[in-house]
Amino acid sequence: MEELTYDSDCDSECFSEDSVDDELCYASGEIPKFQFRKEKSKARWIEEFGMAEVLEKKGKLWITTGIVRDGKTYCSIEETLYLAEIGAQETLDVDDTPLALEDLYIKLAEDKNEYGCSWESFEVYRHLKFLGYVVGRHGVPWTMKNVKIKDNGSLDNSCITEMFGGLNLVETRPIFDVYPPNSKFKKSSPGNPSFALCIASGHPPSKQEIEDLEARSGGTPLKFCVVEHGRVSFLSFTNLDLPVLP
């Protein structure tokens, strides 16, 4: 097993000293520390999308958070919950009633693969964000233009949900694309991720599973993680040819 670490770079375009308050909001023991802010971002939860549409953006965290569709920013369930935990965003229901943090926990706990995120996936996302990594859903573009609009002027939700639907969270598969911290990250040109992260449900993947995933990864390095009692452990595998003994 291995521990993910990173080096700081205060000259970074996107993770400057001014943005530390937005990104590193954890106390000891990796328990999220709620930050009381004068201004919060606002978003509205859209159940049919399984995402939140961002209404007002505050802070630099939006450089690396949310996907953009025709100029509108949407947050996945893990992003929405993470931002709520650190006090960076207020999420409204369809009737503009503020959703409490407990309401978002319930949504995630009751998720029947609808939002494409399990509690274990959220713990991994939160842990990586704590370390400073840029994290996005695997295979989901950060930005898309010319999204189809319905006759009534609303966004066609199929352009969003089709990329999140059909996710089998029991199967070992890439969940997140992970980019290094302190990079000059741009959603319009994110580059290749440092690695794609697979979540192994309760046990490390078999040799055949690893080979199948590597064959479909398109050259992106793979890492695996296991979550046990809230502790996130990361694993990577390399081929090793042992000499034949005489």
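Guide: Two residues are in contact when heavy atoms of theirs lie within 4.5 Å of each other. You are looking at a predicted model, in which local features need pLDDT of at least 70, side-chain atom pairs count only at pLDDT 80 or more, and totals for chains, interfaces and linings use all residues. Residues are numbered from 1 along each chain as its sequence is written, and side-chain values use heavy atoms, without hydrogens and water.

Visitor: Thanks! Which residues does V124 touch, leaving aside its neighbours within four places in sequence?

Guide: F176, L197, I199, C225, V227 and V232. V124 also has a place in the largest nonpolar core, where V124, L83, L128 and L197 have the most contacts.

Visitor: What makes a group of residues a nonpolar core?

Guide: Its members must be buried Ala, Val, Leu, Ile, Met, Phe, Trp, Tyr or Cys residues, joined through side-chain atoms within 4.5 Å. The largest such core here has 36 residues. Another core, of nine residues, lies apart from it and includes C198 and F224.

Visitor: And T65: is it buried or exposed, and how do you know?

Guide: Buried means under 20% relative accessible area, exposed over 50%, and partly exposed in between (1.4 Å probe, protein chains only). T65 has 2%, so it is buried. Its side chain reaches the backbone oxygen of L61 at 2.9 Å.

Visitor: What makes W142 and Y179 an aromatic pair, and of which kind?

Guide: Rings of Phe, Tyr and Trp (its six-membered ring) pair if their centres lie within 6.5 Å; planes under 30 degrees apart count as stacked, over 60 as edge-to-face, the rest as tilted. For W142 and Y179 the centres are 6.2 Å apart and the planes stand at 65°, so the pair is edge-to-face.

Visitor: Why is the pair of W142 and F185 given its label?

Guide: Their ring centres are 5.0 Å apart and their planes at 70°, so W142 and F185 are edge-to-face as well. At 4% relative accessibility, F185 is buried, and W142 is buried at 7%.

Visitor: How do you know that K223 sits over the ring of F195?

Guide: The rule asks for NZ of Lys or CZ of Arg within 6 Å of the ring centre and within 35 degrees of the ring normal. The charged end of K223 is 5.6 Å from the centre of the F195 ring, and K223 counts as sitting over it.

Terms used:
Polar contact = N/O pair within 3.5 Å; in protein donor to acceptor, adjacent residues only side chain to side chain.
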